[in-house]
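Have a look at the model first, then read on.

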Amino acid sequence: MIKIVTGASRTHRASIRSLLYSLRYFGYDTILFDLGLDTIDATYLQSEFFDKSVSWQFVDYRRALTSAGIDITRSAGNYQWKSMVVKEALNRLHPGVRFLIWLDSGNIVTQTLDDLLRRIEEFGVYTPASSGNIVTGKT
């Protein structure tokens, strides 16, 4: 069994809907971290996706980011928040979940993730190439 983890703020309201529709279509259990959605968007997503499924989780994570001194509206590209979210997702996993996969809110699943899972089983991890730098510490 796999669990998909993603997060979104108000700047990604349209793309997170597309991702969630694609995940629901393929039947993947999902945890969505609210990183600063508007109340209307958060309410819509909860009612459309999370209230209808016991295996999907909606997590309001805004307070945790604020407590850590992270403002993703200023430093979204630094990804400091992402490791916090993944750690929290790991803490929420149920026995039987073999894979935790992060998908950015701009992703859309267009086919099953079977090939990805095979790569993870073979190599233990999968991380595609990315541009930019990794910044650590508070900025």
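E48 is buried, at 17% relative accessible area (buried means under 20%, exposed over 50%, partly exposed in between, with a 1.4 Å probe and protein chains only). Its salt-bridge partner is R24, at 3.0 Å from N to O; a salt bridge here is a side-chain nitrogen of Lys or Arg within 4 Å of a carboxyl oxygen of Asp or Glu. E48 sits in helix α2 and R24 in helix α1, so the pair ties together parts 24 residues apart in sequence. Helices (H or I, at least four residues) and strands (E, at least two) are DSSP runs, numbered from the N terminus.

A word on the source: this is a predicted model, where local features need pLDDT of at least 70, side-chain atom pairs count only at pLDDT 80 or more, and totals for chains, interfaces and linings use all residues. Residues are numbered from 1 along each chain as its sequence is written, and side-chain values use heavy atoms, leaving out hydrogens and water.

The structure holds eleven salt bridges, including these:

| Pair | N to O distance |
|---|---|
| R13 and D41 | 2.7 Å |
| E48 and R24 | 3.0 Å |
| D34 and R62 | 3.7 Å |

D34 belongs to strand β2 (residues 29-34) and R62 to helix α3 (residues 62-67), so this bridge joins parts 28 residues apart. D34 is buried at 1%, while R62 is partly exposed at 32%. R13 and D41 also belong to a salt-bridge network with R10, R17 and D38.

Finally, T6 lies in strand β1 (residues 2-8) and is buried, with 0% relative accessibility. Its contacts (heavy atoms within 4.5 Å), leaving aside residues up to four places away in sequence, include I16, L32, F33 and W102.
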